[in-house]
Amino acid sequence: MDFTLSDEQQLLREGLGKFLSTRYGLESSRAAAKLGPGWQPEIWRAFAEDLGILGAALPERVGGIGGGPTEIMVIAEALGHALVIEPYVDTVVVAGGLLQRAQSPAADALLEKIAAGEAIVALAATEAQSGDRWQDVATAARADGAAWVLDGTKIAVLNAPLATHLLVTATTPAGLSLFLIDLADAPEGLTLHAYRTVDDRRAADVELSGVRAVLLGADGAAWESVSRARDEGAAAVAAEAVGNMRKVLADTVEYCKQRQQFGTPIGAFQALQHRMVDMHMELEQSVAAVYLAVLNLEADPPQRARAVSAAKATIGRAARFIGQNAVQLHGGMGMTEELAIGHYFKRLTAVQYEFGTTDHHVARYAQLTRP
């Protein structure tokens, strides 16, 4: 499998990597996550104005550059390497894809705001009874003249406390549909129960009681687009996890070169060398799996689903193995707030559950490949 980046994509990787290494500090991002608003608005504006990455994968008609899955992979991996908490995947990849396929003036207007760094959009799709089955939706929508009214509850909506807009899945008599809520209008009947996740992200449970919303796309025809958005989000967080794991492995190797036991660097012990080789092999398998997923994101739905589930399952196993072994090789220091390794370990743990758990994707892959 040949996956050589173009000159433009290589420049994107290098430019973003340089920006993050000089302007994105772990200490400041953790302070924003734990004690501040949960993100750094000035960084988000720089992503839009200085780097243009918020529009890199969006169409030119809305102020984007017209890139595709490969650009998203490059960006997500770089953001993962720096442990960026700003909601790139949820806003640009997931919501951006849904809005592009909605093909409406309201969707295009919001896409323009995303590209300009003026909007953050969260998808409210999960419910208490649905688990990994996003198509099992109890939230209901009813027509009220030209508008729609929503009633129901969504859980674990990532970045909802930061969002300017919500995309909500709900059922109508015609089937699953997608709706847009502008949070700037402080919609009556909408309640957010916000909290911080284990990996220092912001999320909320969302209660909807008679909330007025705008229908995006055709009534009852949202599942195909939502299913694709979920696969696109899974591939993006898998690429992000590759960036996480590259950093974790590099830090672990460097630590083992410096930490001494009995007057010898612990990296000289053969048992620990074997452990780090196993970590490297898990990382390389993950890289190949992400490449496969990215190359198939625009394929037919069954082929796309197989590739994405294979990547997500591979990433889930590797994230667990690399994260746990990195902490063990660092000893008790591995889980302290002072070392980066503990923060990366938390993110690698959370990645295993985003856009479908590892077990869900193993089961989906088995179902899709069954004779």
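**Questions on a predicted chain**

Me: How far apart do the end C-alpha atoms of residues 122–198 lie?
Reply: The span is 0% helix and 56% strand. Helices (H or I, at least four residues) and strands (E, at least two) are DSSP runs numbered from the N terminus. For residues 122–198 the distance between the end C-alpha atoms is 19 Å.

Me: Which UniProt annotation covers residues 122–198?
Reply: This is a predicted model, in which local features need pLDDT of at least 70, side-chain atom pairs count only at pLDDT 80 or more, and totals for chains, interfaces and linings use all residues. Residues are numbered from 1 along each chain as its sequence is written, and side-chain values use heavy atoms, with hydrogens and water left out. UniProt positions are given in this numbering with shortened feature names, and annotations may be inferred rather than shown by experiment. In an unreviewed entry, UniProt gives residues 122–198 as "domain: Acyl-CoA oxidase/dehydrogenase middle".

Me: What percentage of residues 6–118 is helix?
Reply: UniProt, in an unreviewed entry, places "domain: Acyl-CoA dehydrogenase/oxidase N-terminal" at these residues. The end C-alpha atoms of the span lie 29 Å apart.

Me: What percentage of residues 223–363 is helix?
Reply: The unreviewed UniProt entry annotates this span as "domain: Acyl-CoA dehydrogenase/oxidase C-terminal". Its end C-alpha atoms lie 20 Å apart.

Me: Is Asn 159 buried or exposed?
Reply: Asn 159 sits in the loop between strand S3 (147–158) and strand S4 (165–172). Leaving out residues up to four places away in sequence, Asn 159 touches Pro 87, Asp 90, Ala 122, Arg 202 and Ala 203, where contact means heavy atoms within 4.5 Å. Buried means under 20% relative accessible area, exposed over 50%, and partly exposed in between (1.4 Å probe, protein chains only). With a relative accessible area of 4%, Asn 159 is buried.

Me: What is the radius of gyration of the chain?
Reply: The chain has eleven helices and nine strands. The globule rule, 2.2 Å times the number of residues to the power 0.38, is set against a radius taken over C-alpha atoms. For 371 residues the rule gives 21 Å, and the chain is as compact as a globular protein of that length because its radius of gyration is close to that, at 21 Å.

Me: What percentage of the 371 residues is buried?
Reply: Along its principal axes the C-alpha trace spans about 80 × 50 × 40 Å. Among contacts between residues at least 6 apart in sequence, 72% join residues at least 24 apart. The buried share of the 371 residues is 55%.
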